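Please examine the structure shown below before reading further. The report then takes up its parts one at a time.

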Amino acid sequence: MSDSMKTAEVLEGANSMLAFDVERVRADFPILHQEIYGQPLVYLDNGASAQCPRAVIDSMSEVYETYYANVHRGVHYLSQRSTDAFEGAREKVARFINAASADEIVFARGTTEAINLVADSFGRAFLEPGDEVIISHMEHHSNIVPWQLLRDRAGIVLKVIPIDDSGNLVMEAYRELLGPRTKLVAITHVANSIGTIVPVKEVARLAHAVGAKVLIDGAQAVPHLQVDVQDLGVDFYAFSSHKLYGPTGIGVLWGRFDLLNALPPYQGGGDMIQRVTLEKSEFKAAPHRFEAGTPAIVEAVGLGVAIDYVTALGLDNIAAHEHGILAYATAKLSAVEGLEIVGTAEDKAAIVSFTMLGAHPHDIGTILDRTGVAVRAGHHCAEPTMDRFGVDATARASFGLYNTREEVDQLVEGLMLVKEFFG
Amino acid sequence: MFDELRQLYQEVILDHGTQPRNHHALADATCRADGSNPVCGDMLTVYLKLNPDGTVADCAFEGKGCAISMASASMMTELVKGRTVAEVKTLFESFHRLCTEDGYVLDDAEEDADRLNVLAGVREFPVRVKCATLAWHTMNAAMHGDGEISTE
């Protein structure tokens, strides 16, 4: 296919989406069209994993059926084609988040590995005992535990920005935590358990004023917001493919090239070395230095196609659609007697966490499941956030680009059944 | 509609689940253990007071969780009292079979054990079996002096 044809196709897609035709979007997702326990599936667990459009699934089959081989090592035709597709995906990621170059894109297994990579490599290169890393009270465990491990290993000090009763970051407290020993601020862009959108640009500006670097956990943000890492002014940005309508097993660490290139390797192995003797090894420059072993080649291609897909729809259109769903869901759920929404920040992504009087979230989840509605129930890998709000768990409806108002209605109907049992 | 849900959330389970019996610490417990299910965050502590002859003098629990785990814990504390450690172990095995084996029922030959049959509905909800058995696993750990267990 020629580039101009591709552009025409993308434009046609974009134009048709000006009004965001959600039914047309839904037709792209094979998994959505089925019944669960005799009820139409309502998939509201996108915050855990979003579903793949057919284009992503087909692209991955195409790799295996036509040009799959290992990358970066073969002189033969298939290896070169695979390498081109794999590196092409890296370029798509770079454009997607407006990185200065594809050399700033490290492929990791997911957000978790990307954060662990920074904790390990940045920690070894730049952190001394007594240096401070700041996180917030609404982090996913994947942005807490790596820093606790680093603290126990390297003697750093871990500090936590509090959040208020609505789930907003307390900026005054943040300013006071910053100081000469602050070396890194590692914070979420969108809180996975309560949906708060963090003012990352301001967080970064304040951190840089004391000479600290900034790492953003963007796992929940990239499916909902147009992310421009240069505009945000951060230093590292991590996200996962599987929350962005791509496959599991692959994610991204973006870092400013000079900074990335100043970090030691994370894991050792093939593909990340310049030269190896039995005495020592020399390493490649970033990003390959951080990609030891055979990467998730097919998944990278799938991620690239997922990025094409959301780009064609337009992140702004997606955000507008999801915002409408969020407003509708918030109003409908608030009207349910005994239901309390946990996390009511003004600036939120399409995530609604809630509790119901007399019904444990786990029971809510089971009952909703039988009505075809998939939500997550539990602590959402954010136990400190649950503690902050004085709850053991919540039920969480997290919406994606294919969700509809009718699905919100089906959720509310399911909650009426919960009340029938527990009301 | 929703017959399996109605089978799971029977009146007696909702009653025990929302107003669990023996839901307190036991100051003179002779053994105790903590149990947790990291998937859903359920955490509970089971206290046992054993008589010198090896029978259960008292049993209580603390903790929070879903209706199934609370109801199961509540009913367990009522049922184990007066039984020997060996009998409790047998009852646990029977209960486990009840939660997982189609068609299995407890008979009433032995001291109210058949009361547990209301929890058989959990079979249709495999991810909830751990909720129903958490208290029992924890009590088993307490009897064996293990102190802490996790259903993961």
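The structure is a predicted model. The values given here are therefore computed from a prediction.

## Chain B as a whole

Chain B contains 5 helices and 4 strands. Along the sequence these elements follow the pattern α-α-β-β-β-α-α-α-β. The radius of gyration of chain B is 14 Å, close to the 15 Å that the globule rule gives for 152 residues, so chain B is as compact as a globular protein of that length.

Taken along the principal axes, the box filled by the C-alpha atoms of chain B is roughly 50 × 35 × 25 Å. Of the 152 residues in chain B, 44% are buried. When contacts in chain B between residues at least 6 apart in sequence are considered, 60% of them join residues at least 24 apart.

## Two crossing helices in chain B

Helix α2 of chain B covers residues 11-18, and helix α3 of chain B covers residues 67-80. The axes of these helices come within 7 Å and cross at roughly 85°. An angle of 65 to 115 degrees counts as roughly perpendicular, and so α2(B) is roughly perpendicular to α3(B).

Helix α2(B) contributes B:Ile13, B:Leu14, B:His16, B:Gly17 and B:Thr18 to the contact. From α3(B) come B:Ala67, B:Ile68, B:Met70, B:Ala71, B:Ser74 and B:Met75. Sorted by class, this contact of α2(B) with α3(B) has 7 nonpolar and 4 polar residues, with no charged residues.

## A four-stranded sheet in chain A

In chain A, 4 strands form an open sheet in the order β13-β14-β17-β16, and the pairing is antiparallel. In general, the strands of a sheet pair through backbone hydrogen bonds, either parallel or antiparallel. Strands β13 (339-342) and β16 (376-378) of chain A stand at the edges; each has a single partner strand, so one side of each is left without a neighbour in the sheet. From one strand to the next, the twist averages 30°.

The pairs can be followed across the sheet. Strands β13(A) and β14(A) pair in the antiparallel sense over 4 bridges, and A:Val342 has A:Ser353 in β14(A) as its bridge partner. Strands β14(A) and β17(A) likewise pair in the antiparallel sense over 4 bridges, with A:Ala397 in β17(A) as the bridge partner of A:Val352. Strand β16(A) and strand β17(A), residues 394-398, pair in the antiparallel sense over 3 bridges. Here A:Gly378 stands opposite A:Thr394 of β17(A).

## Where the chains meet

In the contact between the chains, 14 residues of chain A touch 16 residues of chain B. On the chain A side, α13 (361-370), β16 and α15 (405-422) each supply at least two residues. Helix α13(A) gives the most to this side, with 5 residues. By class, the side of chain A that touches chain B has 5 nonpolar, 6 polar and 3 charged residues.

## Backbone details in chain A

Most residues other than glycine have a negative phi, and most peptide bonds are trans. The peptide bond from A:Ala286 to A:Pro287, however, is cis, with omega near 5°. A:Pro287 lies in the loop between β12 (281-283) and α11 (297-313) of chain A.

Positive phi values occur at A:Tyr37, near 50°, and at A:Asp271, near 75°. A:Tyr37 is in the loop between β1 (35-36) and β2 (39-40) of chain A. A:Asp271 is in the loop between α10 (257-261) and β11 (273-276) of chain A. A:Tyr37 is partly exposed, with 13 other C-beta atoms within 10 Å. A:Asp271 is also partly exposed, with 16 other C-beta atoms within 10 Å.

Methods. Residues numbered from 1 in each chain as written. Chains lettered and ligands numbered in written order. Predicted model: local features only at pLDDT ≥ 70, side-chain atom pairs only at ≥ 80, totals over all residues. Axes fitted to C-alpha atoms, helices over the stretch in contact; angles between N-to-C directions. Parallel < 35°, antiparallel > 145°, perpendicular 65-115°, else oblique. Contact = placed C-beta atoms within 7 Å. Nonpolar A, V, L, I, M, F, W, Y, C, P; charged D, E, K, R; others polar. Pairing = 2+ DSSP bridges. Rg over C-alpha atoms; globule rule 2.2 N^0.38 Å. Buried ≥ 20, exposed ≤ 12 C-beta atoms within 10 Å, placed from the backbone.
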